[in-house]
Amino acid sequence: MEKKNLNRNMADLKKVRMTGGLLGLKYTSVLNNVIPYQWKALNDEIDEGDMEPSHAIENFRIAAGLSRGEFHGMVFQDSDLAKWLEAVAYQLAVTPDDNLKKRADEVIDIIALAQQPDGYLNTYYTVKEPDKRWTNLRECHELYCAGHMLEAAVAYYRATGERKLLDVMIRFVNLIDTLFGPGEGKKRGYPGHQEIELALMRLYAITNDRKHLDLAKYFIDERGKRPSYFEKEWEDRGRINHWSVFAKWDDAYNQAHLPVREQKAAVGHAVRAVYMYCAMTDVAMETNDDPLKEACRGLWENVTNRQMYITGGIGSSGYQEAFTFDYDMPNDRAYNETCASIGLIFWAQRMFLMDGESRYIDVLEQALYNGVLSGMSQDGTRFFYVNPLEVKPESCLRRHDKEHVKPVRQKWFACACCPPNLARLLASLGQYMYFQAGDGPGINLYGDSSSRFEIRGREITLEQKTNYPWEGSVGIQVKGAAETPFALRMRIPGWCREWNVLVNGKACETTRERGYVILDRIWQEGDRVELSFAMPVRVMYSATKLQENAGRGALVMGPVVYCLEEADNGKDLSSLILKRETPFDVEFRKDLLDGVNRIRAQGLRESSPSETIYTDRAPGTEPAELIFIPYYAWNNRAEGEMLVWVRV
Ligand code: FUB
Ligand code: ZN
C-alpha cells in the first residue's frame with residue numbers, strides 16, 4: 001500500500017497527459033527521439049567516429065557472464081543505463097509500447113543476471129576490482145549507482161506492476177543494510193555521491209518498510225560526523241585514490257564537512273548537494289524532523305538567493321563542478337551542470353510538498369524553462385553538460401579555464417551523466433504539472449495537458465489549453481463534476497504582478513494562500529476557468545555584489561530568460577547596448593526554433609575608431625536593433641556567440 005503525504009501529493013503520472021505546447025513538445029521529443037537515441041548510445045550503436053562508446057550495457061553483459069571482455073567507462077557507468085530505464089518506465093506509465101517494454105525487460109534480465117549471489121550489483125567492481133568492494137565510498141559511486149538503479153526499479157514497478165527489477169534491488173538494499181549503519185560490526189560509512197538516500201525514500205513510499213526509511217535516515221544523520229569516515233577509509237586502503245585530484249579535496253566537496261543539520265550554505269559538488277537536499281527534505285517530511293526542515297529551508301535560501309543564476313543554473317565552478325561562495329557567478333566560465341538544475345527541480349518539488357508555498361515552484365519553473373531545457377538540442381540528440389550564460393566559441397576552444405564550456409551541444413559524454421537525466425525528468429514532467437492538496441486538485445505548471453483526480457468519489461478531469469510560456473492566458477476546463485464541491489488551486493507565478501480569473505466568463509470569489517489563487521465552489525460539468533497573467537518583457541538586474549553583471553540587464557518574459565545570439569545579431573555581442581527605455585516588440589514565430597517568442601528591442605552598437613588595443617578616443621555608437629530568443633533555444637542554428645546579460 002503506497003504511503004501518502006496527507007496534505008499535498010504530486011499528480012499521479014499515469015493520470016496526466018501532455019498534449020502540446022512547449023513542454024508537450026519536449027516530452028514527445030524524449031519519447032520519439034531521446035529514448036531511442038540513448039538506447040543506441042548505451043549499446044554503442046551510434047557510428048559517428050568522434051563519439052566515445054558508452055559500453056554501459058556491455059559492462060552488464062560481461063558482469064552477467066553473457067559476454068567476455070573488460071569493463072569500460074567511468075566507475076559510475078551503470079548509472080546511465082539506470083537513468084535510461086527510469087525514463088522508459090515513465091514513458092510506459094503513460095504510453096504503452098510493447099517493443100520498448102520488451103527491450104527494457106531484456107535489459108532487466110541482464111541486470112538480474114549481473115547480480116552476485118549475495119545481492120551485490122555493480123559492474124565496475126564485479127568485473128574489474130571484485131576484492132575492493134566498499135573500500136572507496138568517497139570516490140567510487142557504489143551507493144550512487146545502487147540509488148539510480150533503485151529509482152529505476154521503483155519507477156518500473158509503478159509503471160508496469162512488475163517486480164523483477166524491484167526484487168533485485170530490494171535484495172541489494174538488504175545487503176547494503178547488513179553492511180552499513182549504527183549496528184555492531186557495521187561500517188559507519190555513507191555515500192561519496194549522494195543519491196541512494198532519496199532512492200530509499202522512494203522505495204519506502206511503496207514498501208512502507210521501516211528498514212528503508214531507517215537506512216536513508218542513517219545515511220543522512222551519519223554524514224559529516226568526526227572523525228571523517230572518508231579520511232579513515234583512505235588511510236585504511238593505503239592512501240590510494242581512484243582519481244588523483246581527490247587527494248587534495250576535503251570533505252566539503254561531498255558535503256561531509258559538517259553534520260547536515262548544521263550546514264547553512266551550499267558547498268562542494270552541486271549535484272551531490274542537491275540530491276542530498278532532496279533526501280533531507282524527504283526524511284524531514286516523513287519523520288517530522290523540525291531541525292532538519294529548518295536546515296533545508298536555510299540551504300534553500302542560500303542556494304536560490306545567493307548562488308543561483310537567473311537561468312536556474314547552480315554550481316558555478318568548473319573545478320569540482322561545485323558551488324563556490326555567495327554572488328560568485330561568472331557568466332562565461334559558469335559550470336551550471338544540466339544535472340544540477342535537474343536536481344534543483346527535484347528538490348524544489350519536495351520543498352513545495354513540505355511547505356506548500358508556490359515560491360518553490362517558481363524556482364522549479366525557472367530551472368526547467370532555462371537551465372534544463374538548454375541542455376538538449378531541438379532534435380533531442382545533442383546535449384550540453386555545462387550551461388554558461390555567455391559564450392564566445394573561440395575562447396572556449398583556446399582557453400584552459402573554459403575547457404569545460406563547449407560551444408556546441410555534444411552527441412554523448414564519456415562521463416555518464418546529463419543526457420539520460422534529462423530523459424527521466426522530461427518523461428516524468430506530467431507529475432510536476434499538477435498536485436492534489438487535501439481534497440482538491442491543483443495546478444503548478446501551465447501547458448497544454450490534462451490530469452484526472454479522485455475527488456469525493458468522482459473522477460474529475462482538468463484540461464488546460466494555453467500558449468504559455470509565450471503568452472499568459474490559460475483556459476482550464478473541468479470535466480466530470482456534477483454539483484461537486486472542491487477547492488481548485490492555481491499557482492500565481494512569482495514573476496506575475498497582475499492577474500485575473502474568470503469562471504464561465506464571470507468574475508468570481510477567490511481566496512489566496514501561499515501563492516495560489518483558490519476557487520472553492522461547487523463545480524459543474526464543463527465549467528471553464530480563464531486565468532490570465534500579465535506577461536510583459538522585463539529587464540532584470542542583479543545585486544551589485546554580483547560583479548559580473550554590473551551595468552547589465554537580462555530580458556525575461558514570464559518564466560523564460562532570453563538571450564542574444566550571433567545568428568540574429570552578428571558578432572561581438574558585448575558591443576551591443578540595450579536602451580533603458582526601449583519598447584519591446586514581441587512576436588511568436590512558429591517557424592523559428594519549433595515556435596518561440598522573438599523579442600526585438602532598440603539599442604546601440606559601439607565600435608572603436610580603430611583596432612588599436614588602447615586609445616583615448618571613446619568608441620562611436622550607431623543605432624542597432626537587438627534580437628532576443630529564448631536562452632534554452634540557443635545554439636540550434638549555428639555555432640556562434642551567445643549572451644544573456646547585456647549592457648544596458
Ligand atoms: O559523479 C557522477 C556524476 O558525474 C555527477 O553527478 C556529475 O556531476 C558528473 O561528475
Ligand atoms: Zn550531469
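Analyst: A residue is called buried under 20% relative accessible area, exposed over 50% and partly exposed in between, with a 1.4 Å probe and protein chains only. By this definition both E337 and C339 are buried. The model is predicted: local features need pLDDT of at least 70, side-chain atom pairs count only at pLDDT 80 or more, and totals for chains, interfaces and linings use all residues. Residues are numbered from 1 along each chain as its sequence is written, chains are lettered from A and ligands numbered from 1 in the order in which they are written, and side-chain values use heavy atoms, with hydrogens and water left out.

User: Why is T461 called buried?

Analyst: The relative accessible area of T461 is 15%, so T461 is buried. T461 lies in strand 9 (residues 458-466), a strand being a DSSP run of E with at least two residues, numbered from the N terminus. Contact means heavy atoms within 4.5 Å; beyond its neighbours within four places in sequence, T461 touches S450, S451, R452, Q477, V478 and K479 in this sense.

User: How large is the area buried between domain 1 and domain 2?

Analyst: The bounds, 434-533 for domain 1 and 538-647 for domain 2, come from an automatic or database domain assignment. Buried area is the accessible area (1.4 Å probe) that two parts lose on being put together, summed over both. For domain 1 and domain 2 this area is about 700 Å², with carbon and sulfur atoms giving 64%. Within the share that domain 1 buries against domain 2, P469, W470 and W495 supply 84%, more than any other three residues. In terms of contact, 6 residues of domain 1 meet 12 residues of domain 2, while the centres of the two domains, taken over C-alpha atoms, are 36 Å apart.

Note on methods. Helix = DSSP H or I, 4+ residues; strand = E, 2+ residues; numbered from the N terminus.
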